[in-house]
Structure formats: C-alpha cells, structure tokens
Amino acid sequence: MSRVDIQNKINAATKDTIQIENNRYIDAAASYTLISDIFYGIPATDEQNTLGPDVAKYEVEMFLKFVTGGEPLSNWDSYVETWKKKGGKSLLDSKIKKYNELKASNVSAGL
C-alpha cells in the first residue's frame, strides 16, 4: 500500500468536520495540472547533458534568493542575461529543436 493510499484511508475515516472540509479542497487542488511540461517524455539533448546541471543549479540558487529576499526582483533581467550566458538559452533552444523534430511542430521560446 502506497503512502497516498494510506493517507486517503485516513482522510476517508476522519470524523473531524474541519479536516473533511480541508480534504475536499486538497482533493480538488490535486486534480488540477498547474504546469504543463511540453518537454515531458522528450529525449535529453546533448546540451541538457552538458549544460543542464549547471543551469539548473543556478536557477535554484537564484529562485531561492528571489523568494527569500536575498536578491531583489529588480535584478530579474540581470538574472535572465546571466542564465542565457551560462547556457540556459542554448539549452532551451536544443529542447525546442528536439520537440519540433519529434512533434513535427514549429514552437518557439519567445526569448
């Protein structure tokens, strides 16, 4: 039995009216797909294998700084430029190119 199955059984067994109401909202929220990743299932590109780890590390570091106030949001444009220089733009371009090849489409990044 998975953790989710156990939590569902606990939620179903509760008599607490507040918890029942909370569970209703939690279940409703869980049914929404908030972010659709168009690259899900697309094979990794060479750029993902070489640039991906460094770009991802930079993204996480900066997002944490922006969220915690360690970096002012006024530096967002500077972040994007550094992200591009670190390989983010070529990484994204390679993923889009692979997507377009496999899906016979013509999407673009808008950057």
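**Helix α6**

I started with α6 and found G88, L91, L92, S94, I96, Y99 and N100 buried (buried is under 20% relative accessible area, exposed over 50%, partly exposed in between, with a 1.4 Å probe and protein chains only). This is a predicted model, where local features need pLDDT of at least 70, side-chain atom pairs count only at pLDDT 80 or more, and totals for chains, interfaces and linings use all residues. I number residues from 1 along each chain as its sequence is written, and side-chain values use heavy atoms, with hydrogens and water left out.

I took helices as DSSP runs (H or I, at least four residues), numbered from the N terminus. The buried residues of α6 pack against α3, α4 and α5 (contact means heavy atoms within 4.5 Å). I checked the span too: α6 has 16 residues and reaches 22 Å from first C-alpha to last, close to the 22 Å expected at 1.5 Å a residue (the expected span is 1.5 Å times one less than the number of residues). Just after α6, A104 has a positive phi of about 50°.

**Helix α4**

Next I looked at α4, residues 52–68. Its buried residues are G52, V55, Y58, M62 and F66. They cover an arc of only 135° around the axis, so they sit on the same side of α4 (the arc is that of the directions from the helix axis to the C-beta atoms). On the other side I found P53, K57, V60, L64, V67 and T68 exposed. The buried set packs against α3 (46–50), α5 (76–85) and α6 (88–103). After α4 comes G69, with a positive phi near 90°.

**Salt bridges**

I counted four salt bridges in the structure (a side-chain nitrogen of Lys or Arg within 4 Å of a carboxyl oxygen of Asp or Glu). I noted these:

- K57 and E61 meet at 3.9 Å, N to O, and both lie in α4, four residues apart. K57 is exposed at 54%, while E61 is partly exposed at 38%.
- E81 pairs with K84, with the closest N and O atoms 3.6 Å apart; both lie in α5, three residues apart.
- D93 pairs with K89, with the closest N and O atoms 2.9 Å apart; both lie in α6, four residues apart.

Why that spacing? An α-helix has 3.6 residues a turn, so residues three or four places apart point the same way.

Key
Helix = DSSP H or I, 4+ residues; strand = E, 2+ residues; numbered from the N terminus.
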